[in-house]
Amino acid sequence: MKKVAIIGGGISGLSAAYYLEKARRNGARLEWHLFEEKPRLGGIVGSEYLNGCVIETGADSFLSEKPWAFELCRELGLESQLIGSNDALRKTFVLLQGKLVPLPEGLQFIVPTSLDHVMRSELFSEEGKRIIASEVNLQPRKNNGDESVASFVGRHFGEEVVERLAAPMLAGVYGGRAATLSMRTIMPRFLQMEEQHGSLIRALQLTGQSSAKKQSSQPIFTTLKNGMQQLLDAMMAQLDSAAVHTQCTISSVALSKNKDSQKGKQEESGGKWSLQGAKFSEEFDALILALPAHATARLLQGCCPELAQELGKISYSSSVIVTLAFPKWEIEKHGIHPEGFGFLVPASEKSRLLACTFVGNKFNHRVADDLVVLRGVLGGARDEAALALSGQEAVALVQREFAEILGIHSQPAFTRVFRWPHSMPQYEVGHLDRVAHIEVLRGAVLGLYLIGNAYRGVGVPDCIREGRDAVEKILATDFHG
């Protein structure tokens with residue numbers, strides 16, 4: 001009988017519990033327990049329901065092209081509840097000198113598929129447009145290691161594209177800085193294109209037909225009609241409630257080694273993981289740590305100091321999500337009709353907002369007919385001080401900025417503020433090498449598994465994949481020799 005502990009009840013830990021329970025029901029001889037220090041499971045993923053609106057506490061959707069979340073939803077019987085983003089309405093704006101300017105049509109992240117649209121755009125200066133157009137002349141280039149997104153994008157398209165496009169996009173997704181985030185980790189496909197074709201514009205032109213076909217076959221983002229909480233609830237309904245321990249803090253973990261252990265390494269015949277809580281102490285064959293890297297490092301400091309040191313090198317940023325709902329009639333009375341999915345804010349602007357989503361435009365089934373809901377994001381690597389704002393201060397700040405940017409001066413019908421301290425891992429230059437080293441160190445300790453958004457992807461599908469893969473490894477491992 002394998003006995004497995006999961007510490008951390010976010011989307012990764014919850015996924016691991018789901019797949020362990022599935023295996024147990026299918027005949028695997030195992031027992032599992034999930035420990036979460038907070039009162040609820042799901043971590044930064046969750047939904048609230050106010051005045052006929054679905055308010056997401058964190059991630060509002062997942063990328064459709066990554067299959068793991070969709071596959072899990074289908075397995076849970078939620079396929080009919082999946083809804084795609086309204087891509088026909090998809091338009092993103094960038095705040096430039098206080099004015100919202102639309103991104104040029106046909107962009108694939110930072111790469112234009114149509115120079116005509118770029119040339120007509122107000123987003124770039126004439127010199128910026130000249131640099132972008134000259135990118136087609138770049139020759140193949142061998143990549144000898146990692147580099148920052150800012151370095152790569154600047155080499156291809158110039159500093160305006162870095163400052164007005166790449167940097168605000170990455171701030172919105174990763175809460176990070178283009179000058180430190182890793183190309184190999186975040187955009188490896190573009191590095192491969194550079195090696196093969198040199199010019200990214202030319203590379204996309206050569207593959208344009210297949211890309212267009214792929215894009216038209218599925219929406220960019222997918223979510224659930226009743227919010228991301230619907231996925232959490234469906235997973236939790238499959239679990240044995242007696243094995244789920246919320247408001248339960250694990251203060252320490254220790255590895256008891258058998259007589260055959262050498263130099264701190266647990267041999268194939270196996271030792272035991274001892275978990276210590278406030279009111280209990282229990283032993284397990286396998287330990288899944290589904291925590292931020294810094295929290296994992298603290299727990300492993302005593303038994304795996306070298307591994308803990310490497311984990312501690314993964315830096316994090318924080319985010320504050322501020323959602324405001326306004327009476328629709330008041331907004332429309334002043335001729336304000338927010339279009340598109342929302343806007344991004346470069347660091348050069350006099351604004352503390354990183355981004356804003358026009359919630360009702362991005363997805364159906366989200367906003368009551370008589371309301372307009374806007375979701376602003378503060379914080380990130382460029383403004384960690386935002387985390388110290390009180391709820392009232394955060395709302396007042398975002399309300400002022402919406403007034404300046406969108407002309408909305410109405411009082412909100414309701415507001416919600418969600419703070420997520422040190423929750424966004426920074427995939428900095430060299431991240432994949434660090435993760436590879438972490439994996440080597442982890443692999444030397446039988447029965448230890450590290451999952452979560454710190455390693456191989458920050459999205460919901462990535463976290464689900466991490467939980468599933470850890471369970472597959474556990475099922476294939478003999479802990480008793």
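1. A charge is said to sit over a ring if NZ of Lys or CZ of Arg is within 6 Å of the ring centre and within 35 degrees of the ring normal. By that rule R465 lies over the face of W68, at 4.9 Å from the ring centre, and K362 lies over the face of F221, where the distance from the ring centre is 4.4 Å.

2. Please keep in mind that this is a predicted model, in which local features need pLDDT of at least 70 and side-chain atom pairs count only at pLDDT 80 or more, while totals for chains, interfaces and linings use all residues. Residues are numbered from 1 along each chain as its sequence is written, and side-chain values use heavy atoms, with hydrogens and water left out.

3. Rolling a probe the size of a water molecule over the atoms shows where empty space is left. A cavity here is a set of points, on a 1 Å grid over the protein atoms alone, where a 1.4 Å probe fits but cannot get out, and its lining residues have an atom within 4 Å of a point. Grid points are joined across faces, edges and corners, and a volume is the space filled by probe spheres set on the points. The count comes to four cavities of 30 Å³ or more.

4. The largest cavity holds about 110 Å³ of space, and its lining includes V54, I55, E56, K362 and R375. Helices (H or I, at least four residues) and strands (E, at least two) are DSSP runs, numbered from the N terminus. At least two lining residues come from each of β4 (53–56), α15 (359–362) and β20 (371–379), with β4 giving the largest share, three residues. The lining divides into five nonpolar, two polar and five charged residues, where Ala, Val, Leu, Ile, Met, Phe, Trp, Tyr, Cys and Pro count as nonpolar, Asp, Glu, Lys and Arg as charged, and the others, Gly among them, as polar.

5. The second largest cavity has a volume of about 40 Å³, and V435, I438, E439, R442, L450, Y455 and R456 line it. Helix α17 (residues 431–443) contributes the most to this lining, with four residues, and the lining as a whole has four nonpolar, no polar and three charged residues.

6. Strand β7 (residues 92–96) is largely enclosed by the rest of the structure, because five of its five residues are buried (under 20% relative accessible area, with a 1.4 Å probe and protein chains only). T92, V94 and L96 point one way from β7, whereas F93 and L95 point the other way.

7. Two strands pair if DSSP finds at least two bridges between them. Three bridges join β7 to strand β18 (residues 342–344), and these two run parallel, with F343 as the bridge partner of F93. Four bridges join β7 to strand β8 (residues 99–102), and here the strands run antiparallel, with F93 opposite P102. β7 and β8 form a hairpin with two residues between them, and Q97 in the turn has a positive phi of about 55°.

8. Rings of Phe, Tyr and Trp (its six-membered ring) pair if their centres lie within 6.5 Å, and planes under 30 degrees apart count as stacked, over 60 as edge-to-face and the rest as tilted. The whole structure has four aromatic pairs. One of them joins Y174 and Y427, whose ring centres are 6.0 Å apart and whose planes stand at 55°, so the pair is tilted. Y174 lies in helix α6 (residues 159–174) and Y427 in the loop between β21 (414–425) and α17, so the pair ties together parts that are 253 residues apart in sequence. Y174 is buried, with a relative accessible area of 14%, and Y427 also counts as buried, at 2% relative accessibility.

Conventions. On a 1 Å grid over the protein atoms alone, a cavity is a set of points where a 1.4 Å probe fits but cannot get out, and a pocket is an open set with protein on both sides within 12 Å along at least five of seven lines; lining residues have an atom within 4 Å of a point. Buried means under 20% relative accessible area, exposed over 50%, partly exposed in between (1.4 Å probe, protein chains only).
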